[in-house]
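Biologist: Can you put the model up? I'd like to go through the helices and the salt bridges.

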Amino acid sequence: MAESEGPSYIDYDTFLDPNFSPTAFANSLVIATNNPSDTPIDLSTPLSKVLFDIQEIDTHIHTLTTQSAIPLLTHTKNQADAGHRIVTEVEAQVANLTDGYQRLEKEVIQRYEEANQVRIAVERLWETVRIGRAVARCLTLGRQLETQMAEVTGGAGGPDSAKKEDHRAMVRASNTLLTVRQVLSASGPNEEGEHLSKVHLITYLQNSVLTPSETSLRNRAQQIIREFSMSSLASSATAPTTYDQSEETKSRTTSALLTLQLLNPRLLVAALQTYLRASLTSSLASVGRALNSLPNLDRTLLEVSARCQNIVALERLLDSTKPPHDPRSGSNGRAEEHSGTLLEPLLAALDTSSLPSFFWRSLAEGLGPRVADLIAKGGVVARALKSQRERVKDSVRECVLRGSQSPGDTTRKAGAWEREAAVMVGSVMGPLGR
């Protein structure tokens, strides 16, 4: 445009340069219109030049806009008309989209919301049904447990209330109890026992049926083990006198062993250790008293032999009894469960290879200091022990050999239990000296 209007003295290239600096341009004007030695510097001349240049540019802009007013207005009008047509078309498309969205909202979104509400209702109903089934199963098992506990105690109620106790019901009750515990312990997401802890009826079932039943089974099984007696050497209220009674004692004790093993294997080991400790304590006390009064020694050693025979019978019973299947374990643990016997954990806990050997060696360990105390006190007791040392020696040895036999077994294996007999004899003869 500048060339169409004629030459212009304004250097447009300077102003259009991307690196244009107003301060540098002003400085160049001041230097061009003044000498470096002038004092003061004349700023009116460069300012007038700048103002004149601005006026020139303004005039040039005005001239261009005046000459091109009609083309600019026409172009603007064309752009406005085109924008209006575009807006009209866009509004029509927006209206179509709005109609389509409303139709979609009515046909899909509203139906989805309704379907989602139905889904939520169905999920809650299914959760309720699942909880109801679990509660019903627990209540059924609880009722079954009550019936089995009545069989254990012999009080089944009704016309047969005087029914005989059934010790086998202890094992069935233990399995039922573990099944209920398994359901209640499966409380993870989507498991059978989820949310059961929040049901008051289940809490009542635990407090009034499960816990008392477990306590009763545990106490009953521990009592049977404490009263276990198979030997007929010494008179005992619980010792069997016939073959049928012996078999019944074995069967009842087996049920007690399996019951404790199901409830908690540690309870079984603890109950057996308590039985052994009671036998040891009673034997040690009775032998200690008998050494103070030798006329009672034979009868006392016979009772000790009877206790050891009971331990021999218990060991055989444990060795012939395999652990029962635990309902809480999966199928992968079945082979491992039945691979051993109930005797192995007890031997491992006592760190011994034989229960009779453990009994005699433990008894000898406690008996030695007592005999030493009797000899140290002197008097009639010490003289009697020394004078009858051979009789005491033979009696103790016979006690060990007789007690290490199974109840009712009259045959003796040559050389069997000689070590235990030597240990017992040494515990008594050692303090007596030669």
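**Helix H4 and its contacts**

Modeller: Helix H4, residues 69-153, has 85 residues and reaches 117 Å from its first C-alpha to its last, close to the 126 Å expected at 1.5 Å a residue. Helices (H or I, at least four residues) and strands (E, at least two) are DSSP runs, numbered from the N terminus, and the expected span is 1.5 Å times one less than the number of residues. This is a predicted model: local features need pLDDT of at least 70, side-chain atom pairs count only at pLDDT 80 or more, and totals for chains, interfaces and linings use all residues. Residues are numbered from 1 along each chain as its sequence is written, and side-chain values use heavy atoms, with hydrogens and water left out.

Biologist: Where does H4 bend?

Modeller: At Glu-105, by about 40 degrees. The bend is the angle between axes fitted to the seven residues ending at a residue and the seven starting there.

Biologist: Which residues of H4 are buried?

Modeller: Among them are Arg-130, Ile-131, Ala-134, Val-135, Cys-138 and Leu-141. Buried means under 20% relative accessible area, exposed over 50%, partly exposed in between (1.4 Å probe, protein chains only).

Biologist: What covers the buried residues of H4?

Modeller: The cover includes helix H5 (168-185) and helix H6 (200-226).

Biologist: Which residue forms a salt bridge with Arg-130?

Modeller: Glu-194, with the closest N and O atoms 3.1 Å apart. Glu-194 sits in the loop between H5 and H6 and Arg-130 in helix H4, 64 residues apart. Both Glu-194 and Arg-130 are buried. A salt bridge here is a side-chain nitrogen of Lys or Arg within 4 Å of a carboxyl oxygen of Asp or Glu.

Biologist: Which residues are linked with Arg-130 and Glu-194 in a network?

Modeller: Glu-127 is linked with them in a network of salt bridges.

Biologist: What does Glu-151 meet in a salt bridge?

Modeller: The side chain of Arg-172, at 2.8 Å, N to O. That pair links helix H4, with Glu-151, to helix H5, with Arg-172, 21 residues apart.

Biologist: Why does Arg-172 count as partly exposed?

Modeller: Because its relative accessibility is 36%.

Biologist: And which residue does Arg-181 pair with in a salt bridge?

Modeller: Glu-214, with the closest N and O atoms 3.0 Å apart. Arg-181 is in helix H5 and Glu-214 in helix H6, 33 residues apart.

Biologist: Changing topic, how many helices and strands are in the protein chain?

Modeller: The protein chain has 15 helices and zero strands. Buried residues make up 34% of its 434 residues.

Note on methods:
Contact = heavy atoms within 4.5 Å.
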